[in-house]
Amino acid sequence: MEYIPIIGLEVHVELSTKSKMFCGCPADPFGKQPNTQTCPVCLGLPGALPIANGKAVKDTIKFGLAVNCKISHFAKFDRKHYTYPDLPKGYQTSQYDMPLCLSGVTTLSDGKPIRIRRIHLEEDAGKMVHEKLDGKRVSLIDFNRSSVPLMEMVTEPDFHDTESISAFLKEIQLIVRYLGISSADMEKGSMRLEANVSLFQSQDTSYMIQDIDLPDYKVELKNINSFKFLEKAIKAELKRQEALLESGEKVKQETRGYDEDHDETFSQRSKEEAHDYRYFPEADLPPMRFSDEEIASIKDSLPELPQSKREKYSQWQLSTQYIETLLSDKTRGEYFEQAVTVGQKHNVSAKMIADLMVNKSLDKEFEEPEGLVRKIVELTKRSYAEPEAVKLAVEQVVQEQTKPVNDYKNGNANVIGFLIGQVQKILQGQGEPKLIQELLLRELQK
Amino acid sequence: MDIPLTITETQKGLLEKKFTAVDLVDAYLARIKAFDKDINAFITVSDELAYAQAKEADQKIAELGKKAFEQFPLLGVVTAYKDIFLTKGLRTTAASKVLESYVPPYSATSVERLTDAGAICIGKTNLDAWAHGSSGENSDFGPTKNPWNKEYVPGGSSSGAGASPAANFSLIATGTDTCGSIRLPANYCGLVGLKPTYGAVSRYGIIAMASSLDTVGHLTRSVDDARTVFNITKGEDGKDGVVKNMPMTSTDKKLKIGIPKEFFVEGLDSEVRKSIDEVIEFYKRHDVEFVEVSLPHMKYGISVYYIIQPAEVSSNLARYDGIRYGNARSTFSDEAKRRIMLGSYVLSSGYYDAYYLKAMKVRTIIRTEVNEIFEKVDAMIAPVAPTPPFKLGAKVDDPLQMYLTDVYAATANLTGIPSLAIPSGFTKNGLPLGFQLMGPRFAEETLFTLGEMYQKETTFHLKAAKL
């Protein structure tokens, strides 16, 4: 029996807009005093109403365009109901059946396409803190994060190995950072991952991966806070599922978490306990309409994306390792490209700049790319002999090499190279070729 | 002192120094003190705030004279706010024990606008808890009585808002209308009630009932006052995304009113019918043309309303989760629980398409029918309710019977059009009668024009209930 992993991803990205999704409060809750960035709207007070953040909508469309999605001409917000202390309205304003972006695709470096089902915009919840206060165990709620814009991307179950998942997620993180719409920082929680994992059982191995039917269950892995742990969690989960299937058991549809210490997944919520979110259209927010012109104008505003840069750098003869190193840091990549532009004027190649940046981190020493190029020019410039020494050497050669000098005077211009070589010999190779030739010709004219 | 009945009368008296704003507050508070224990129009009376604002008004009049009223069009206008309008620092309960001790940290946009225009806040009026009801009997703070006859309901859900001006506890009152909650109390209490176009007045700071249906309006004695208040509350505030600044349309040409034939059928009380027939005759004498129109799908209006409204109610009440505001969800009274259950049911997966989605589709059909009618006529005339005010307790044990009180109200809310309820006489038992005029979206001015035409030659609206 052969098992093929079938994995789809859900990626949440907190957008780094100035204000929150539905109110004017600052959208940067990280490290702030609890409940200092709140207002009636994000506290869900009676009577408060949302106003959609246009920048967040635009940023989501930008991301959608960057991963080749179709942008909806008509989109709306919906209410997703569930009860939790950190959700002040009792529902999350999200998008259900008419998200901003649909059916995109991103190609991995090995050429594998990963289809993107949808990208929608919603709001984040507050944060629960459980601690001891005056000797009593208490649960506290910080609403600073409540209503921070959250973009959610859902892929098709196109992953069959964990390596592709890491590659895909790194690329998504890179695109988000290049668009400048989020720090996509896993540690700060501005990028969060979920995976839907199942196994396809095959009796023979002659299947085509695009022909296989999806299994009739999926296990959702939630609350995983790094790429590395996601990879480990999926591997552990695949192992668990394979063991179950191998022993003839069915795998239950459920939500599971990952225990890092024991390297195993554990059940969090079964299918029976799944929420009925009772989605319905959010009447407090008018539906959104986008014309072809608006979408085209957003598309025009996109910066150059990693894939395009990758192709450009490759034309500059950079190795894959250099390319990825430089791309991985957007600011550093920009610095590199500026240096290349400056370098062109001084005969300094992109490859040389890349080499000194990647291997010697020379860019760390110069704030401006101009400084780096100047340094490279200096490093590569050879120190030539003093003109006076060259002059003396030329005179000496002309005096000593009477035969070639005569040949030259009789019209054999070929000997000039030999004579230059003789001068360099005296100068121990430190002479500037142009100067030697100039002085030599002048001496020979005498 | 004789309590003035309109804004014009009030401001004339203030300017001519017949009385001061403080005198007015004295007079209203005296009446509240004397009679409200029987009427129960108020949940909270705000004496201190009223006196502070009255003193400020008197000072402005002293400083600016006549100009004060140009600068502050509602200067000296003693206002009662439905207790679903958030008032910063002043308890706001929605007439529910769930919010019994809730003091909001901010004020509704309309409260701010009225206050900035010089209005004086006298208190917060009673209502069916969360605006769930048509009689005022669903209040957790006890029912409000009709000032015209205390055995009768004042209409709901803005029950206190109907009773307060009718009993001269305030000059005007604010209300919300999700399915008749302004027009019904206006109708039962002999007042003018404006339910504005959905999207004309900000809902920010009003405790939400059903978000796609809630409108924010007011109850006054005269149509002129309804217009004055509307001109202050209407327009974008940057906080309610559905509000638009739209040019208000009106017309000089001969007006044409449609009579929806489905509204004048069996079940309509004969006294209500007779009063409206007289109104139609009045308008005909004043060169207004009448044509019969038809709303074939409106018979589904109440069904559609009682799917969409509970759905939105169940969602809007989710925030009172028992973690904040100090009271558990078990504190909700029966009507709220009923609507939470109905709403959760129609939104549940497997039922959504059959109920909510279907209702939304019918709503679209009704809207199309209404739009088509307004291509032919400037307004529609209709009863506000099938009967005159009914007795307290008559329908309270039969929610379905109570829901049918809203049958004529639903059209305007489901389609977002404005409606103006106007008093048109009294039953032989001395209870108020009235009618409503509906117009196309943002055509409030047409309704005001028609309403003023009527009030110029009638005095029903200037009669005060004897307590």
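A: In chain B, strand β7 (residues 256-260) and strand β9 (residues 379-382) run parallel and are joined by two bridges, strands being DSSP runs of E with at least two residues and helices runs of H or I with at least four, both numbered from the N terminus. Within this pair, G258(B) stands opposite M380(B) of β9(B). This is a predicted model, in which local features need pLDDT of at least 70 and side-chain atom pairs count only at pLDDT 80 or more, while totals for chains, interfaces and linings use all residues. Residues are numbered from 1 along each chain as its sequence is written, and chains are lettered from A and ligands numbered from 1 in the order in which they are written.

The two strands belong to an open sheet of 11 strands in chain B, ordered β1-β3-β2-β4-β6-β5-β10-β11-β9-β7-β8 with mixed pairing, where two strands pair if DSSP finds at least two bridges between them. Its edges are formed by β1 (42-45) and β8 (289-293) of chain B, each of which pairs on one side only. From one strand to the next, the twist averages 30°; angles run from 0 to 180 degrees between N-to-C directions, with axes fitted as lines to C-alpha atoms, for helices over the stretch in contact.

Helix α15 (residues 444-456) of chain B lies across β5, β9, β10 and β11 of chain B, and runs at about 15° to β10(B).

Between β10 (419-426) and β11 (432-438) of chain B there is a loop, and L431(B) has its place in that loop. L431(B) counts as partly exposed because it has 19 C-beta neighbours inside 10 Å, whereas a buried residue has 20 or more other C-beta atoms within 10 Å of its own and an exposed one 12 or fewer, with C-beta atoms placed from the backbone. Neighbours within four places in sequence aside, L431(B) is in contact with W148(B), N149(B), Y152(B), P388(B), P389(B) and F426(B), contact meaning that the C-beta atoms, placed from the backbone, lie within 7 Å. L431(B) is also 8.2 Å from G190(B), C-alpha to C-alpha, although 241 residues separate the two in sequence.

Chain B as a whole has 15 helices and 11 strands, and 58% of its 467 residues are buried. Its C-alpha trace spans about 65 × 60 × 45 Å along the principal axes. Of the contacts in chain B between residues at least 6 apart in sequence, 77% join residues at least 24 apart.

Definitions and conventions
Contact = placed C-beta atoms within 7 Å.
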